[in-house]
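I opened the model to look up its core, its sheets and a few single residues. My entries follow in the order in which I made them.

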Amino acid sequence: LWITSQTDDKLLKFDTNTNTVTQTIQLPIGSSPNGLVTDDLFVYIAMNQRGGILVGLDENSKILKVDKSNGVIQTEQVVGNNLKQVVAYVDKFTKAD
């Protein structure tokens, strides 16, 4: 289970069998991560980088693509302002036997 911490700007991997955090990934300071979605290899995080004189406003909204295996941010895509969630689009079909 992957969880974001808005106050600490972190991505956490949580083991639901042992109720422990097994991996902590520091996100950019002030990123205020809001939502996430995962696939087999990556975690995609909606974030609103805060900064400048108008600290109370959401600025520089981005989607971060983080590699699950090593915690490295692969890409940052600017998508506008005040981003709240991210949604996955599955572009393949799986046949159930």
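I took buried as under 20% relative accessible area, exposed as over 50% and partly exposed as in between, with a 1.4 Å probe and protein chains only. Strands are DSSP runs of E with at least two residues, numbered from the N terminus.

**Basis.** I note that this is a predicted model, in which local features need pLDDT of at least 70 and side-chain atom pairs count only at pLDDT 80 or more, while totals for chains, interfaces and linings use all residues. Residues are numbered from 1 along each chain as its sequence is written, and side-chain values use heavy atoms, with hydrogens and water left out.

**Ile-25.** Not counting residues up to four places away in sequence, Ile-25 touches Trp-2, Asp-9, Lys-10, Leu-11, Val-66 and Gly-71.

**Sheet 1-2-3.** I traced three strands in an open sheet, in the order 1-2-3 with antiparallel pairing. Strand 1 and strand 3 are at the edges with a single partner strand each, so one side of each has no neighbour in the sheet. Neighbouring strands are turned by 25° against each other on average, direction ignored; the axes are lines fitted to C-alpha atoms, with angles from 0 to 180 degrees between N-to-C directions. I counted two strands as paired if DSSP finds at least two bridges between them. Strand 1 (residues 2–5) is joined to strand 2 (residues 10–15) by four bridges, and Trp-2 stands opposite Lys-13. Six bridges join strand 2 to strand 3 (residues 20–26), where Lys-10 faces Gln-26 and Phe-14 faces Val-21.

**Hairpins.** I checked the two links between these strands. The hairpin of strand 1 and strand 2 has four residues between the strands, with Asp-9 at a positive phi near 55°. The hairpin of strand 2 and strand 3 also has four residues between the strands, and there Asn-19 takes a positive phi near 55°.

**Val-21.** Leaving aside neighbours within four places in sequence, Val-21 contacts Leu-12, Lys-13 and Phe-14. Its C-alpha atom is separated by 9.5 Å from that of Trp-2, 19 residues apart along the chain.

**Sheet 4-5-6-7.** I traced four strands in an open sheet, in the order 4-5-6-7, again with antiparallel pairing. Strand 4 (33–38) and strand 7 (73–80) stand at its edges, and neighbouring strands are turned by 20° on average, direction ignored. Strand 5 and strand 6 pair over seven bridges, with Ile-45 opposite Leu-64.

**Rings.** I searched the whole structure and found one aromatic pair. Phe-42 and Tyr-44 form this pair, tilted, at 6.3 Å centre to centre and 55° between the planes. Rings of Phe, Tyr and Trp (its six-membered ring) pair with centres within 6.5 Å; planes under 30 degrees apart are stacked, over 60 edge-to-face and the rest tilted. Phe-42 is buried at a relative accessible area of 15%. Lys-65 lies over the face of Phe-42, 4.2 Å from the ring centre; the criterion is NZ of Lys or CZ of Arg within 6 Å of the ring centre and within 35 degrees of the ring normal.

Technical notes
Contact means heavy atoms within 4.5 Å.
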